[in-house]
Amino acid sequence: MSMYPTDATTPVCTTPAPWTVAEVEALFTQPWIDVMHRAAQVHRAHWPTDEVELATLLSVKTGGCPENCGYCPQAQSFDTGVQASKLMATEQVLQAARAAQASGATRFCMGAAWRSPNARDLEKMAQTIAAVKALGLETCATLGMLDEEQAQVLQQAGLDYYNHNLDTSASHYTQVVTTRCYQDRLDTLAAVRQAGIKVCCGGIIGLGEEQADRASLIAELARLQPESVPINSLVPVPGTVLARSAPVDPLDFVRVIAICRITMPRARIRLSAGRQQLGEAVQALCFLAGANSIFYGDQLLVTGNPEVQTDQALMRKLGLRPGVSAPAAAAAAPAGAPA
Ligand code: SAM
Ligand code: DTB
Ligand code: SF4
């Protein structure tokens, strides 16, 4: 592992050295309390700790997806009771975006159950993204695989972020999805970066993965340096392959959040799917561990999310406020650097 400069004459290295899987794994074996303490320090060094970003999701094209992601209620091969629908008209999306903005959301994320958008749908999405952006919201979309040309169309339309998750480790991925591979995900993420769109990339905890898979996922995420990192706890949906997965230990989930904060000091770490199962106390620990964003609104894509009033009450109780500060500039020896 490369060292950071120790004296004033050495040029300051601002790019943290990448985390190895072994270094991330070590954070899984250290005492929970110590990892929490370190994560809270990293959080404090880079962000206002009372701030939470509010991002609202809308499923703009639901169900009937040809991919077979084992966790997903929208895969057409699973009988989950989700009704497939066509792509929403721009005006319908705008109604939801205005309502989200009125409730206090600052980012609006549009999800479509596609393997990859076709040319006509991409053009429609570009129009919708431009219209949402014109409301003064940050825009995010998650539409499946993109090549660089498609990413450029979205960037030109005003897309701020593209969400495309790695979900788990490369080796466990083959147990979860067979209609595409990990490299497809990495290729889309590279196309998104190349087009100048900010990267939103995270994963799911609870897919039957081992601790080593969690460490490998986090090391890969830290290498990609996404601006936003959504961490989902599996929402088990009857009819999906993974509906009967063992539930995630809540304190293990909190540790994952802490390790994401330590390894990605300048990323927005978002508590994503599964907050209904976490409850207030575990969410509070997640905020202490460095989470600083939530999906906000009564629905995720097709499953439920805590009600807006419930989230507002929790934020009041914890002294959190909505906000969109940029992270502090990297310190000469970043608090998040490997020890
Ligand atoms: N089709 C696009 C794709 O897969 O990239 C975008 C939509 S997809 C629903 C976005 C993400 O939602 C997935 O990558 C996964 O991380 C998350 N997700 C889907 N179903 C979930 C579930 N049941 N529990 C937790 N997260 C889930
Ligand atoms: C992400 O990481 N989680 C969100 C968003 N990105 C698109 C989706 C969660 C979906 C949960 C199950 C559902 O409602 O479909
Ligand atoms: Fe389709 Fe995305 Fe669901 Fe996979 S996660 S089945 S790609 S909507």
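Reader: What makes the largest nonpolar core a core, and how many residues does it have?
Author: The largest nonpolar core has 89 residues. A nonpolar core is a set of buried Ala, Val, Leu, Ile, Met, Phe, Trp, Tyr and Cys residues joined through side-chain atoms within 4.5 Å. Buried means under 20% relative accessible area, exposed means over 50%, and partly exposed lies in between (1.4 Å probe, protein chains only). The residues with the most contacts inside this core are Tyr71, Phe108, Leu154, Tyr162, Ile231, Phe253 and Ile257.

Reader: Which helix gives the largest share of this core?
Author: Helix 9 (residues 250–263) does, with eight residues. Helices (H or I, at least four residues) and strands (E, at least two) are DSSP runs, numbered from the N terminus.

Reader: Which residues does the second, separate core include?
Author: Ala55, Cys140, Tyr161 and Phe295 are included in this core of eight residues. In soluble globular proteins, nonpolar side chains tend to be buried together.

Reader: What kind of model is this?
Author: The model is predicted; local features need pLDDT of at least 70, side-chain atom pairs count only at pLDDT 80 or more, and totals for chains, interfaces and linings use all residues. Residues are numbered from 1 along each chain as its sequence is written, chains are lettered from A and ligands numbered from 1 in the order in which they are written, and side-chain values use heavy atoms, with hydrogens and water left out.

Reader: How many aromatic pairs does the rule count?
Author: The count is one. Its rings belong to Tyr173 and Tyr182, with centres 5.4 Å apart and planes at 70 degrees. Rings of Phe, Tyr and Trp (its six-membered ring) pair if their centres lie within 6.5 Å; planes under 30 degrees apart count as stacked, over 60 as edge-to-face and the rest as tilted. At 70 degrees the planes are over 60, so Tyr173 and Tyr182 are edge-to-face.

Reader: Are Tyr173 and Tyr182 buried or exposed?
Author: Tyr173 has 1% relative accessibility, so it is buried. Tyr182 has 10%, so it counts as buried too.

Reader: How do you know that Arg107 lies over the face of Tyr161?
Author: Arg107 is 3.5 Å from the ring centre of Tyr161. A charge sits over a ring if NZ of Lys or CZ of Arg is within 6 Å of the ring centre and within 35 degrees of the ring normal. Arg270 likewise lies over the face of Phe295, at 4.9 Å from the ring centre.

Reader: Why is helix 4 called roughly parallel to helix 5?
Author: The axes of helix 4 (residues 119–134) and helix 5 (residues 148–157) cross at roughly 25 degrees and come within 8 Å. Axes are lines fitted to C-alpha atoms, for helices over the stretch in contact, and angles run from 0 to 180 degrees between N-to-C directions. Angles under 35 degrees count as roughly parallel, over 145 as roughly antiparallel, 65 to 115 as roughly perpendicular and the rest as oblique. Helix 4 is therefore roughly parallel to helix 5.

Reader: What is the hand of the crossing where helix 4 passes helix 5?
Author: The crossing is right-handed. A crossing is left-handed if the near helix is turned anticlockwise from the far one by less than a right angle, and right-handed if clockwise.

Reader: Why are helix 1 and helix 8 oblique to each other?
Author: The axes of helix 1 and helix 8 (residues 211–224) cross at roughly 125 degrees and come within 8 Å. Helix 1 and helix 8 are therefore oblique. Helix 1 passes helix 8 in a right-handed crossing.

Reader: What is the phi of Asp167?
Author: Asp167 has a positive phi of about 70 degrees, although it is not a glycine. Most residues other than glycine have a negative phi, and most peptide bonds are trans. Asp167 lies in the loop between strand 4 and helix 6 (170–176). Its relative accessibility is 2%, so it is buried.

Reader: What makes Gln225 partly exposed?
Author: Its relative accessible area is 44%, so Gln225 is in the partly exposed range. Gln225 also has a positive phi, of about 45 degrees. Gln225 is in the loop between helix 8 and strand 7 (228–233).
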